[in-house]
Number of protein chains: 2
Amino acid sequence: MPRTGRRPGPTTSRDAILEAARRQFAEAGYELTSIRSIAADAEVDAALVVHFFGSKDKLFRAAVTWPFDPAELVPNILDPGPAGLGERLARMFFTFWDDPVTSRQLLALLRSAMTNENFARLLREFVVTQLFQHVMEVVEGPDRELRAELAAAHLLGIAILRLVLRVEPLASASIDQLVVRVGPTLDSYLLAG
Amino acid sequence: MPRTGRRPGPTTSRDAILEAARRQFAEAGYELTSIRSIAADAEVDAALVVHFFGSKDKLFRAAVTWPFDPAELVPNILDPGPAGLGERLARMFFTFWDDPVTSRQLLALLRSAMTNENFARLLREFVVTQLFQHVMEVVEGPDRELRAELAAAHLLGIAILRLVLRVEPLASASIDQLVVRVGPTLDSYLLAG
């Protein structure tokens with residue numbers, strides 16, 4: 001079907017580039033994706049991609065910008081108190097992963113971090129600093145950092161088996177099925193000093 | 001320093017190719033590694049690599065051949081009975097990851113599986129079928145497959161934080177520190193129906 005009407009304006013092009021970037025970074029990882037291939041996918045000129053985002057690196061960071069501000073969501077997780085903390089945390093992550101846009105962003109980060117040291121650092125900073133900085137407020141006792149990282153490792157491993165390797169029955173399990181199993185595990189790391 | 005003595009024989013060349021393949025697959029993943037680059041690294045002709053291994057795919061499978069037979073090791077894990085099962089399992093994995101050769105093989109698999117569906121399948125088959133087929137003998141009760149996969153996901157996530165992302169303090173924690181925390185978690189998945 002031929003396109004009709006006027007060309008997409010700058011905002012539309014920018015969104016199309018971000019959309020194409022998320023798709024390609026998620027499918028191929030950072031190294032195998034180029035500004036040229038993203039531009040072709042978004043049906044714009046590569047120069048426009050550079051104009052909007054400057055470089056492949058900056059485009060990646062824009063594309064994987066987390067779609068929520070942890071500072072806004074964490075009160076929902078922490079404020080009800082320690083009881084059920086792990087379940088609320090697990091439910092938040094599993095819900096984000098079931099969202100097509102969010103899961104694509106996470107996949108792009110994961111795939112790129114596995115093969116590129118810059119993005120390993122990006123993911124490391126993200127996981128440790130952004131994601132757990134607020135949760136760490138309630139983690140006390142010996143080895144509290146190690147325990148928080150083991151909780152993070154568990155969520156990361158589940159993301160990989162569910163989204164990347166698609167191991168069954170884990171890939172098709174409902175959020176409720178997962179939360180009831182994973183919540184107590186997270187509690188055992190985060191709350192049991 | 002110039003080489004001296006006679007050329008390396010076929011066995012030496014084969015080992016050199018496998019060694020180079022493990023290094024490059026681990027560092028760059030499957031897609032970015034070529035028979036040509038491996039041959040150059042091993043200081044042999046690319047035709048010799050094809051002669052020995054046939055294709056990049058077959059070379060990869062040879063390179064990541066797990067260095068132990070699960071059927072031989074699993075009795076050590078299972079025979080003492082359920083008490084301490086998780087600790088023995090965790091200690092076995094952490095000990096393999098601290099071995100430079102084994103960890104390189106695991107990294108090659110992980111990195112390649114994140115960006116290539118064939119190797120995602122390879123890792124999926126490996127994790128689920130080879131690694132857990134024996135352990136599943138002792139896992140009973142509802143959701144036993146899901147629980148075994150959650151245990152596998154936990155070990156995989158720890159491998160990524162420890163070996164790929166090198167998140168501290170997890171990356172430098174001793175095996176004993178990890179085992180004492182992770183063992184009970186694995187038990188809670190594998191033994192608590």
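What follows is a chat about a predicted model with chains A and B.

Biologist: Before I get carried away, what kind of model is this?

Modeller: A predicted one.

Biologist: OK. What's the secondary structure of chain A?

Modeller: Chain A has 10 helices and zero strands. Along the sequence the pattern reads α-α-α-α-α-α-α-α-α-α.

Biologist: And how much of chain A counts as buried?

Modeller: 53% of its 193 residues. As for contacts within chain A, take the ones between residues at least 6 apart in sequence: 67% of those join residues at least 24 apart.

Biologist: Now the pair. What rotation superposes chain A on chain B?

Modeller: A rotation of 180°, with 0.0 Å of shift along the axis, and the RMSD is 0.1 Å. That's how a two-fold axis relates copies.

Biologist: Which surfaces do the copies meet through?

Modeller: The same surface on each, because 98% of the interface residues of chain A are also interface residues in chain B. Chain A puts 46 residues into the contact and chain B puts in 45 residues.

Biologist: How about the area buried between chain A and chain B?

Modeller: About 3,800 Å², with carbon and sulfur atoms giving 68% of that. On the chain A side, Met114(A), Leu165(A) and Arg181(A) lose the most area to chain B, and together they make up 20% of what that side buries.

Biologist: What does Arg181(B) pair with, then?

Modeller: Asp143(A), again as a salt bridge, where the closest N and O atoms are 3.5 Å apart. Arg181(B) sits in helix α10 of chain B and Asp143(A) in the loop between α8 and α9 of chain A, so this pair joins two chains. Asp143(A) itself is partly exposed, at a relative accessible area of 32%.

Biologist: How many residue pairs are in polar contact across the interface?

Modeller: Six, with both residues at pLDDT 80 or more.

Biologist: Which helices of chain A supply at least two residues each to the side that touches chain B?

Modeller: α1 (10–28), α7 (100–115), α8 (117–131), α9 (144–164) and α10 (175–190). The largest share comes from α9(A), with 14 residues. Sorted by class, that side of chain A has 27 nonpolar, seven polar and 12 charged residues.

Biologist: Let's zoom in on Thr185(A). Which helix is it in, and what does it touch?

Modeller: Thr185(A) lies in helix α10 of chain A. Leaving aside residues up to four places away in sequence, Thr185(A) touches His154(A), Thr185(B), Ser188(B) and Tyr189(B).

Biologist: Is Thr185(A) buried or exposed?

Modeller: Buried, because its relative accessibility is 4% and the cut-off for buried is under 20%.

Biologist: Switching topic: Gln105(A). Where is that one, and is it buried or exposed?

Modeller: Gln105(A) is in helix α7 of chain A. With a relative accessible area of 2%, Gln105(A) is buried. The C-alpha atoms of Gln105(A) and Arg162(A) are separated by 15 Å, and the two residues are 57 residues apart along the chain.

Biologist: Last one: which residues are linked with Glu19(A) in a network of salt bridges?

Modeller: Arg23(A), Asp41(A) and Arg104(A).

Note on methods:
Residues numbered from 1 in each chain as written. Chains lettered and ligands numbered in written order. Predicted model: local features only at pLDDT ≥ 70, side-chain atom pairs only at ≥ 80, totals over all residues. Heavy atoms only, no water. Least-squares fit on C-alpha atoms with pLDDT ≥ 70 in both. Contact = heavy atoms within 4.5 Å. Buried area = accessible area lost by both parts, 1.4 Å probe. Polar contact = N/O pair within 3.5 Å; in protein donor to acceptor, adjacent residues only side chain to side chain. Helix = DSSP H or I, 4+ residues; strand = E, 2+ residues; numbered from the N terminus. Nonpolar A, V, L, I, M, F, W, Y, C, P; charged D, E, K, R; others polar. Buried < 20%, exposed > 50% of the residue type's maximum accessible area, 1.4 Å probe, protein only. Salt bridge = Lys/Arg side-chain N within 4 Å of Asp/Glu carboxyl O.
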